[in-house]
Amino acid sequence: MRVLSGIQSSGKLHLGNYLGALKQHIELQQDNECFYFIANYHALTTIHDPDLARSLTRDVALDYLALGLDPTKAALYRQTDLPEVCELQWILSCVTGKGLLERAVSYKDKLSKGLTSSMGLFCYPVLQAADILIVESDWVPVGKDQVQHIEMTADMAGYFNGTFGNGEEILRAPEARLNQAFTVPGIDGHKMSKSYGNAIDLFDTPKNSKKRIMSILTDSTPVEDPKDPATCNVFAILSLMVEPDELAEWEQRYRAGGMGYGDVKKRLAERFEETFGPAREKRAELEKDEAYVEGVLVEGAKRARATAEPLMAKIREACGLQTAK
Ligand code: ADP
Ligand code: TRP
C-alpha cells in the first residue's frame with residue numbers, strides 16, 4: 001500500500017504525537033511504500049518567526065530519523081520541496097464549496113483557542129487534501145482528530161473528478177488509518193497538545209521528562225484504597241507503552257489498593273526513558289550531521305515528485321491549464 005502522512009513543524013513533538021501518529025508511521029515502513037513529510041506550509045498558519053520556522057522544520061526531520069524512520073525505506077521530505085502541492089491546492093479550492101470548510105471541526109477549535117482566522121487557516125484542509133492526493137496515497141495514518149480532514153479529502157477528490165474527470169478518476173480518495181481510537185491525555189488530563197502547555201515532549205532532558213511525568217494529574221484516593229485504572233491518566237498512558245502482561249499486573253495493583261500513584265508514575269518515567277533514551281542519543285548524533293539530514297530530505301522529495309509531477313501534468317491538462325513547454 002502507498003502510505004502518506006505529515007506532521008506540522010509548529011512546535012516540539014510530544015508523546016501524543018508519537019503514540020497517535022509517528023509510532024505507526026515508522027511501523028508501516030516495513031511493508032509499505034511510505035511518504036512522510038514535514039508540513040511547514042501548514043505550520044505557517046501559526047509560526048511567523050522565520051528562524052523558528054527553520055529550526056522547527058529541522059527538528060521534525062531529526063525526530064523522525066532518531067525515532068527509527070529509515071530513509072532507505074520511507075521517503076521523508078519537506079512540504080515546500082513539493083511545489084505541486086500548492087498548485088493542486090488552488091485547483092481544489094476552485095471546485096470546493098466554502099460550506100465544506102466551514103464545517104471543519106479543527107478550524108472551529110483553532111478559532112475558539114484564539115487563533116486569527118486567516119485564509120490559510122480556513123483553507124488548511126484544502127492544502128492537506130492536496131498533500132494526500134498528489135502522491136496518490138491509499139492510506140493516511142493519523143490520530144482521531146484528523147479523520148474529518150481525510151473525509152474532506154475524499155469529498156474534494158470527488159468534486160474534482162466530477163468537474164474535470166470526464167468519467168475518469170484522476171484523483172483517488174484515500175482511507176484514514178487510525179492506530180487505535182484513543183487520545184493521549186496530557187499531564188492535566190486533557191488531550192495532550194503543543195498548544196495546551198500539558199505535553200510531555202519526546203526530546204526533553206531526562207530530568208525534565210521525569211518531572212513532567214511525576215506531575216501528571218491524579219485523584220486524591222489514599223494509598224491504601226483501591227483505585228480505578230479506567231479513570232487514571234497515568235494508567236491511560238502506561239497502557240500504550242508496556243506489554244499486556246505488565247499492564248495486567250498494574251491493573252491488579254490498582255484494584256487491590258496499597259499502591260500509590262507515585263509508584264506507577266515512576267514506572268512510566270522509567271519506561272519513557274527505556275523507549276526514548278536511545279533515540280535521544282541517536283538524535284544528538286544526527287544533529288551534528290546537517291548534510292546527511294538535508295540529503296535525506298532532498299532524496300525524499302525526489303521520490304515524491306516522481307509521482308507528483310506526472311499527475312500534476314494530467315491535472316493541468318484535464319482543467320485546460322496551459323504552461324510553456
Ligand atoms: P498538537 O495538538 O500537539 O498541535 P498536531 O495537531 O500537530 O498536534 O498533531 C500531529 C499528529 O499527532 C496528528 O496525527 C494527531 O492526530 C496526533 N496527535 C496529536 N496529539 C495527540 C494526542 N494527544 N493523542 C493522540 N494523537 C495525537
Ligand atoms: N493536519 C495534520 C496535523 O495537524 C498535518 C498534516 C498536513 C497532514 N497535511 C497532512 C497529515 C496530510 C496527514 C496527511 O497533524
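**Exercise 1. Determine whether N166 and E136 count as buried, partly exposed or exposed, and describe the phi of each residue.**

Step 1. The relative accessibility of N166 is 80%, so N166 counts as exposed. The classes are buried (under 20% relative accessible area), exposed (over 50%) and partly exposed (in between), with a 1.4 Å probe and protein chains only.

Step 2. N166 belongs to the loop between α8 (147-164) and β5 (175-178). Helices (H or I, at least four residues) and strands (E, at least two) are DSSP runs, numbered from the N terminus.

Step 3. Although N166 is not a glycine, its phi is positive, about 50°.

Step 4. E136 has a relative accessible area of 27% and is therefore partly exposed. Its place is in the loop between α7 and β4 (139-142). The phi of E136 is near 55°, again a positive value in a residue other than glycine.

A note on the source: this is a predicted model, in which local features need pLDDT of at least 70 and side-chain atom pairs count only at pLDDT 80 or more, while totals for chains, interfaces and linings use all residues. Residues are numbered from 1 along each chain as its sequence is written, chains are lettered from A and ligands numbered from 1 in the order in which they are written, and side-chain values use heavy atoms, with hydrogens and water left out.

**Exercise 2. Describe how α7 packs with α8 and how α4 crosses α7.**

Step 1. Two packed helices are described by the angle between their axes and the distance between the axes. The axes are lines fitted to C-alpha atoms, for helices over the stretch in contact, and angles run from 0 to 180 degrees between N-to-C directions.

Step 2. For α7 and α8, the angle is about 75° and the axes are 9 Å apart. The two helices are therefore roughly perpendicular to each other. Angles under 35 degrees count as roughly parallel, over 145 as roughly antiparallel, 65 to 115 as roughly perpendicular and the rest as oblique.

Step 3. In this pair, Y124, P125, V126, Q128, A129, I132 and L133 of α7 meet H149, I150, M152, T153, M156 and A157 of α8; contact means heavy atoms within 4.5 Å. By class, the contact of α7 with α8 has 10 nonpolar, three polar and no charged residues. Here Ala, Val, Leu, Ile, Met, Phe, Trp, Tyr, Cys and Pro count as nonpolar, Asp, Glu, Lys and Arg as charged, and the others, Gly among them, as polar.

Step 4. Helix α4 (residues 84-93) and helix α7 (residues 119-134) have axes that come within 8 Å and cross at roughly 120°. This angle makes α4 oblique to α7.

Step 5. On the α4 side, E84, V85, L88, Q89, L92 and S93 take part, and they meet C123, V126, L127, A129, A130, D131, L133 and I134 in α7. The residues of this contact divide into 10 nonpolar, two polar and two charged.

**Exercise 3. Locate T96 and identify what surrounds it.**

Step 1. T96 lies in the loop between α4 and α5 (98-102).

Step 2. With 12% relative accessibility, T96 counts as buried.

Step 3. A polar atom of the T96 side chain lies 2.7 Å from the backbone oxygen of L92. Apart from residues up to four places away in sequence, T96 touches M156 and Y159.

**Exercise 4. Which side chains make polar contacts with the side chain of R78?**

Step 1. R78 is part of strand β3 (residues 75-78) and is buried, with a relative accessible area of 17%.

Step 2. A polar contact is a pair of N or O atoms within 3.5 Å; within protein, one must be able to donate a hydrogen and the other to accept it, and residues adjacent in sequence count only if both atoms are side-chain atoms.

Step 3. The side chain of R78 is joined to that of D81 by a polar contact of 2.9 Å, and to that of E294 by a polar contact of 2.8 Å.

**Exercise 5. Where does V293 lie, and how far is it from A61?**

Step 1. V293 is in helix α13 (residues 290-319) and, at 6% relative accessibility, counts as buried.

Step 2. V293 and A61 are 232 residues apart in sequence, yet 7.3 Å apart in space, C-alpha to C-alpha.
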